[in-house]
Amino acid sequence: MTRNASTGIAYEEDLLFEHSRPGRVGFALPARDVPEVDAGALLGADAVRDDLPGLPELSEVDVVRHFTRMSTWNAAVDLALYPLGSCTMKYNPKINERMARLPGFAAAHPLADPARCQGLLELMVRLEEGLCEVSGMDHVSLQPAAGAQGELAGVMMIRALHEARGERRRVVLVPDSAHGTNPASAALNGFDVVSVPSGDDGILHPEAVEAVMTDEVAALMVTNPNTLGLFERHIGAICEIVHARGGLVYLDGANLNALLGVARPGDMGVDVMHFNLHKTFSTPHGGGGPGSGPVGIKAALAPHLPVPVVRRDDDGSYRLDSDLPGSIGRLHGSHGNAGMLVRAFTYLRSLGAEGIRRCGEMAVLNANYLRVRLSDHYHVPYDGMVMHECVFSDKHLADTGVTTMDVAKRLIDHGYHPPTIYFPLIVPGALMIEPTESESLEGLDRFADTLIEIAQEARDDPETVRSAPHRTRHRRLDETRAARKPVLRWQPDPAS
Amino acid sequence: MANYDFPQDLRYSREDEWVRTEGERVTIGVTDYAQQQLGDIVFVELPEVGRTFEKGEPFGVIESVKAVSDLFAPISGEVKEINPALAEAPESVNEDCYGEGWMIVIVPADSTEVSALLDAGAYAQHVESRTD
Amino acid sequence: MRYVPHTEADIQQMLEAIGCERVEDLFDAIPEKLRLTGPLALPAGLSEQEVEAELGALAERNDHAQGMPWFLGAGTYAHHIPSAVDAIASRSEFTTAYTPYQAEISQGTLQAIFEWQTMTAGLVGLDVSNASMYDGASATAEAAMMALRITRRSKVAVTEGLHPHYRQVLETYLGGLGTPVVTVPRGPDGCTVDPTPYLDDDVACLVVQQPAFLGSVERLADAADKAHAAGALLVTSVTEALSLGLLRAPGDQGADIVCGEAQSLGVPMGFGGPHLGFLACHTRHVRQMPGRLVGQTADAEGRRGFVLTLSTREQHIRRERATSNICTNQGLCLLMATIYLALLGRRGLAALAQRNLEKAEYAKSRVRETAGLTLPLSAPTFNEFVVGVEGSAADALARARDAGITGGLDLATHAPEVGPAVLVCTTELCRREDIDALVAALAGGAR
């Protein structure tokens, strides 16, 4: 088998501050063309600072080498398969980046006259329409800056709709397999969270929802496919149960990639959902952001959309509308992460209807292929066909003393980012693998072979697995020490 | 089943706290089972001295790197003392949960609540029933 | 489809391994009636060349700061971005990495965040900065919610000088909890009045924007004293982070939480996002802080390294009891700002801030000597200020646009009480002749 990675040079690099030398600069101002002023005299001596001792003094070369060296310490999608479950680490097309950097987008101002931002407003409306078509929802707001903010907006709209109906419902139902943001978003809106147990087959059953469904329930928040990679096949019946008692159904769109072009949440009875453009629509994850989390709704919730709403008038012009008395208000200082919207729109235009479906299908094909390749070597807690991701556990390795954490760290030695581990919480020792559509057959085989090799190694030489990673610049880092005695900024050594 | 130490002279709650009675004062901490389950303890949040708690009410929070758990008052009463050393050395909960790792001292509102708690044997059974 | 590698032969081989005949069989779990029967109603996919043409045409139809003199700020600022910033921040190893949960292969991202935390904490004069928030508006809302948790009080006081959009976002967030918001008004000079009468025993914090939305530099130390005397915290929100290069650090003046927007530090305006919210506080409040934090530690061989830490505050562990539901941060924008601060450094940031001040003072001097224009607010300013015009501000701005200039923000909606006026921002990008042209255009109606 061809190896995925071998050893190379790892550069050392200190912190910026440790490189600093008095008198170095990496920046020059243009010649001054206006009179000099005395800031202290103008603003008052005590309003002005004397110095910026916290900032380093470096040349441009210092800075470029510093960060370029640091970049080599990162795993990235552009280096190798990055199988983080529920994160959809698909390839981020380069054209997206080029388009986002066009000055007409990158140097546009959110408060400029909307009549002079027609290109951006048109892009936003067309992206909204595209997301509606993909999801089967009636309206989309692009304002939320991330999935969690989209969720917050969605839950707020749900609350606003109930209040507009004169109802004060207090409870939100969340399945036990849900992402942590779901209960957190509900709690931020003052809702009590009630957990709904998944069935033995890993999915929600109508009876379980029926059992906790009351007139106090504002909404059920469901992820579909769920975090086990399973399609919630009873979603139709579940939506009916919730609707019958006046509740709404919220869909966490984190796993929408599996459904692209195949099925639509809006057709299943979902009332509100959010999208993660940084997952499904290929905008880069950027080391933890920026994301973009548009929220989609059915028409009944339209009076409660965040403001401003972008509208297309009959004459084909676009405007920002803040006149929406039932609105939940504003969520973002401007119009959301517009640069991410440009990237997602570029992706949607590149793919088209056929390309979108192809992504969904190949993502599911890849996940099932890995499931089949690995099922003799890793425990499969929920058997059967999966959607975009598959969950394994370390149960088969129990007698070796090797845990999921160890397998994850050993994968690093082979040049792979580990899968999502210990999530969902309902599977002890979970390894959650989402290959995405970006990976080729031979790439998947190489990855599967590596995981099988590690399972074998766990039996032959468990200590090597338990003490992984061995080939990274750092060995396993001590998280306990970091949390017990937090060091959250660099301080100059008092001795020097 | 792993090995746990549950001293005979203490009483235990079902939420994994132990209590030690010395006259008016009842010292409270978490059990060996709790500290092993949580793993490396990194932070313990304790109440202010003088606050009163009802039995079963959360009086603090205990955190490891990956988990966080409420501390529930095993009995009702007023907080007389807290363990100041835990702020700097939360690891003493792992190292010596029945000694240096104690958390608070309460003056009980109702002394019969202590005798209603589990003894070491009953608590060990309670732990076993959960780990099967 | 150029982003998907599968050949027909690959697909057949994989289906066979799985035990399916057709790709559709993979979706058996989805009930028939929930499946799409035809293709989505979306236009056909495009080649790169076609995408460039279509998006290029959309980009053409927006005014932007690289195409004309630009005096519009109001929370989003046109500054020069050194080439090294985008060159480094475009590297795939940074852009296509996920949140650095696996520390051993995320040290690049983690060290950059640690450096950001260090520089930000120093700039604002507090102990700890987090790894960024969505934007300045949500950072300010989160700061107020943090103050509510710390003080266990029930109301929030906000100065009139807080950016109106920040105020709206704050109300959206606090609305979920039913928290009342009190307004402390602006005095005639542009600075906030004595806040004391507005600070009762229920007020958790006073939120003061520095400089204020209309540009005035607030008397922060005084605000801090008054807030503390009332048992409240002082939250300082900064929309123009470059001002931190010149103004005394808010933490040094008594602010307990400093938050805001750092877009000015190397992040493109980008129609308002993605930008870079930040939030900093004292060590004693860190457990009430929202958002990710990076801490220093060591590996098994004792080498220094960095990890995400204190994560029990966050939603993925504490779920409904988390300090916030925030999950992602603005990692890439944070990286841009970290590179930017490293390039400008101790001297460059101060010099650039000084230059912005000088541009504004020059512009104000031109306004003072120009008939038909006024400076209605007397308080000192940094790089942004209010210019009173004759007639309507919309007309004045239209005249500027006719002269090829984006002249500023019409205050008719946000501050009608100052009369017809434009909020003008002068950064280092505004040349003397641009300023002269703007002043002439704004005054045009008086000729």
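Author: Let us begin with two helices of chain C, α10 (residues 331-368) and α12 (residues 432-443), whose axes come within 10 Å and cross at roughly 35°. An axis here is a line fitted to C-alpha atoms, for helices over the stretch in contact, and the angle runs from 0 to 180 degrees between N-to-C directions. Please keep in mind that this is a predicted model, in which local features need pLDDT of at least 70 and side-chain atom pairs count only at pLDDT 80 or more, whereas totals for chains, interfaces and linings use all residues. Residues are numbered from 1 along each chain as its sequence is written, while chains are lettered from A and ligands numbered from 1 in the order in which they are written.

Reader: What makes the crossing of α10(C) and α12(C) right-handed?

Author: A crossing is called right-handed if the near helix is turned clockwise from the far one by less than a right angle, and left-handed if anticlockwise. α10(C) passes α12(C) in a right-handed crossing, so the clockwise case of the definition applies here.

Reader: Which residues make the contact between α10(C) and α12(C), and how do they divide by class?

Author: From α10(C) come Lys359(C), Tyr362(C), Ala363(C), Arg366(C) and Val367(C), and from α12(C) come Arg432(C), Ile435(C), Asp436(C) and Val439(C). Two residues count as in contact if their C-beta atoms, placed from the backbone, lie within 7 Å. The residues of this contact divide into 5 nonpolar, no polar and 4 charged, where Ala, Val, Leu, Ile, Met, Phe, Trp, Tyr, Cys and Pro count as nonpolar, Asp, Glu, Lys and Arg as charged, and the others, Gly among them, as polar.

Reader: How many helices and strands does chain A have, and what makes it as compact as a globular protein of its length?

Author: Chain A has 16 helices and 12 strands, and chain C has 12 helices and 12 strands. Helices (H or I, at least four residues) and strands (E, at least two) are DSSP runs, numbered from the N terminus. The radius of gyration, taken over C-alpha atoms, is set against the globule rule of 2.2 Å times the number of residues to the power 0.38. For the 496 residues of chain A that rule gives 23 Å, and the radius of gyration is 25 Å, which is close to it, so chain A is as compact as a globular protein of that length. Buried residues make up 60% of chain A, and 66% of the 447 residues in chain C.

Reader: How do you know where the domains of chain A lie?

Author: The bounds come from an automatic or database domain assignment, which gives domain 1 (95-350) and domain 2 (361-481) in chain A. The C-alpha centres of these two domains of chain A lie 31 Å apart, and 15 residues of domain 1 are in contact with 14 residues of domain 2.

Reader: How many residues does chain A give to its contact with chain C?

Author: The contact takes 166 residues from chain A and 166 residues from chain C. On the side of chain A, the largest share, 22 residues, comes from helix α12 (residues 338-374) of chain A. That side divides into 91 nonpolar, 45 polar and 30 charged residues.

Note on methods. Buried ≥ 20, exposed ≤ 12 C-beta atoms within 10 Å, placed from the backbone.
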